[in-house]
Amino acid sequence: MSALTLEVRNLRTHFFTPEGVLPAVDDVSLSVGRGRILGLVGESGSGKSVTGFSILGMVDAPGRIVGGEILFQGRDLVRMDKTSLRELQGNRIAMIFQDPMMTLNPVLKVEAQMVDAVLAHSKVSRQQARELARDTLGMMGIASPEERLQAYPHQLSGGMRQRVAIAIAMLHKPDLIIADEPTTALDVTIQAQILSEVQKLARQHGTALIWITHDLSVVAGLADEVAVMYAGRIVEQGSVDAVLDAPLHPYTQGLIGSLPSNNRRGARLRQIPGMTPNLLHLPPTCAFAARCERLSQQCLVAPAISEPLPAHRVRCYHPTPSTQSSEQHG
Ligand code: ADP
Ligand code: MG
């Protein structure tokens with residue numbers, strides 16, 4: 001079997017709205033290996049969640065996967081029957097949603113939900129499952145975990161609920177976790193602790209992880225690889241070191257230029273001027289053209305993705321190493 005847990009090839013997911021066809025995900029290819037973490041980043045509306053939902057077979061009308069393959073441990077999820085797909089989702093693939101109530105059952109105590117998650121996948125006693133549930137809550141930075149186990153979801157704060165939902169996903173010990181911005185609302189210390197636990201789980205259990213975020217500093221601290229989305233397409237992808245240290249796409253360079261850590265010396269946060277294009281009326285040009293400083297005649301035809309450096313891909317005719325430090329301080 002391939003070492004890749006997930007391989008998405010040329011995925012296209014479109015919404016057939018009354019206003020027209022909206023290509024939310026177009027020609028997205030990515031892969032994640034055992035124990036590896038892929039950060040999927042991009043501004044709001046760039047297609048991150050729809051990519052995650054597509055992998056999970058959770059795209060509903062008016063949306064539909066119109067092209068591509070989603071290979072999970074070598075089997076194509078796009079062409080799999082609903083029953084097998086549901087089985088995989090319950091067992092081997094877990095999603096952590098932006099809204100924890102998508103995972104949590106409002107009428108069950110935290111303990112029951114966590115113990116069920118453990119017992120569904122391991123042959124341990126109820127008492128052992130309880131202890132594991134309590135310890136996992138502790139790992140998530142939850143104080144007095146014994147008391148929290150006796151709470152109903154509505155008795156917990158939003159941040160607490162989100163941590164319980166993450167703990168449940170981890171207790172399932174799936175082969176693939178897709179996490180959709182679950183820590184965005186948490187304070188930075190808690191977020192750092194959760195990311196470190198999640199990373200440990202991935203390494204120890206060989207879980208492949210896709211971590212969706214709009215925050216590049218999360219990717220920098222957590223992920224091995226990164227894919228940057230813009231207007232439904234991946235515009236740059238590669239190892240975190242390569243992409244964050246030497247980004248080639250003007251959009252990635254803009255995002256990195258606006259990272260607070262790059263502004264330690266008091267330089268202004270760099271905003272990328274202009275707006276993301278309306279996906280219902282995408283021009284035939286490069287989707288970034290209207291905001292790009294490197295615009296040329298060529299860019300009037302949308303570029304394909306290419307690999308100018310080994311394992312470092314970019315969707316741009318003019319992939320140029322960043323000159324942002326001179327811009328910032330000039
Ligand atoms: P992100 O997660 O990066 O913020 P999404 O993946 O949620 O972005 O959305 C990508 C695009 O798909 C957006 O333009 C959004 O409006 C559109 N979209 C998402 N869900 C639907 C839907 N059910 N019907 C129509 N358009 C949708
Ligand atoms: Mg989203």
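## The buried face of helix α7

In this predicted model, the buried residues of α7 are I190, Q191, I194, L195, E197, V198, L201 and A202. Viewed along the axis of α7, these residues fall within an arc of 165 degrees, so they line one face of the helix. An α-helix has 3.6 residues a turn, so residues three or four places apart point the same way. The face of α7 turned away from the buried side carries V188, T189 and Q204, which are exposed.

The covering of the buried residues of α7 includes both strands and helices. Among the strands are β3 (37-41), β7 (176-180) and β8 (208-213). The helices include α4 (126-139), α6 (158-171) and α8 (216-222).

## Length and ends of α7

Helix α7 spans residues 188-205, 18 residues in total. From first C-alpha to last, α7 reaches 26 Å, close to the 26 Å expected at 1.5 Å a residue.

At the N-terminal end, α7 is capped by D187, with a side-chain oxygen 2.9 Å from the backbone nitrogen of T189. T189 is also one of the exposed residues on the face turned away from the buried side. Just after α7, G206 adopts a positive phi of about 75 degrees.

## Backbone features in the loops

E181 is placed in the loop between β7 and α7, and is buried at a relative accessible area of 10%. A231 lies in the loop between β9 (225-230) and β10 (233-239); with a relative accessible area of 7%, A231 is buried as well.

A cis peptide bond joins A61 to P62, with omega near 10 degrees. P62 belongs to the loop between α1 (48-55) and β4 (63-72).

## The surroundings of S46

S46 sits in the loop between β3 and α1 and counts as buried, at 5% relative accessibility. The side chain of S46 reaches the backbone oxygen of E43 at 2.7 Å.

Leaving aside residues up to four places away in sequence, S46 touches A24, M229, Y230, A231, G232 and R233.

## Pocket and cavities

The largest pocket holds about 400 Å³ of space. Of the 20 residues lining this pocket, Q89, M95, F97, T103 and H172 are the closest to its centre. The elements giving two or more residues to the lining are α2 (82-91), β6 (93-96), α3 (110-119) and α6. The largest share, 4 residues, comes from β6.

Rolling a probe the size of a water molecule over the atoms shows where empty space is left. In this model, the count comes to 2 cavities of 30 Å³ or more. The largest cavity has a volume of about 80 Å³. This cavity is lined by 14 residues, of which P250, C286, C292, C299 and C316 lie nearest its centre.

How values were computed
Residues numbered from 1 in each chain as written. Chains lettered and ligands numbered in written order. Predicted model: local features only at pLDDT ≥ 70, side-chain atom pairs only at ≥ 80, totals over all residues. Heavy atoms only, no water. Expected span 1.5 Å × (residues − 1). Buried < 20%, exposed > 50% of the residue type's maximum accessible area, 1.4 Å probe, protein only. Arc of directions from axis to C-beta. Contact = heavy atoms within 4.5 Å. Polar contact = N/O pair within 3.5 Å; in protein donor to acceptor, adjacent residues only side chain to side chain. 1 Å grid on protein atoms, 1.4 Å probe; cavity = no way out; pocket = protein on both sides within 12 Å on 5 of 7 lines; lining within 4 Å. Points joined across faces, edges and corners; volume = space filled by probe spheres on them.
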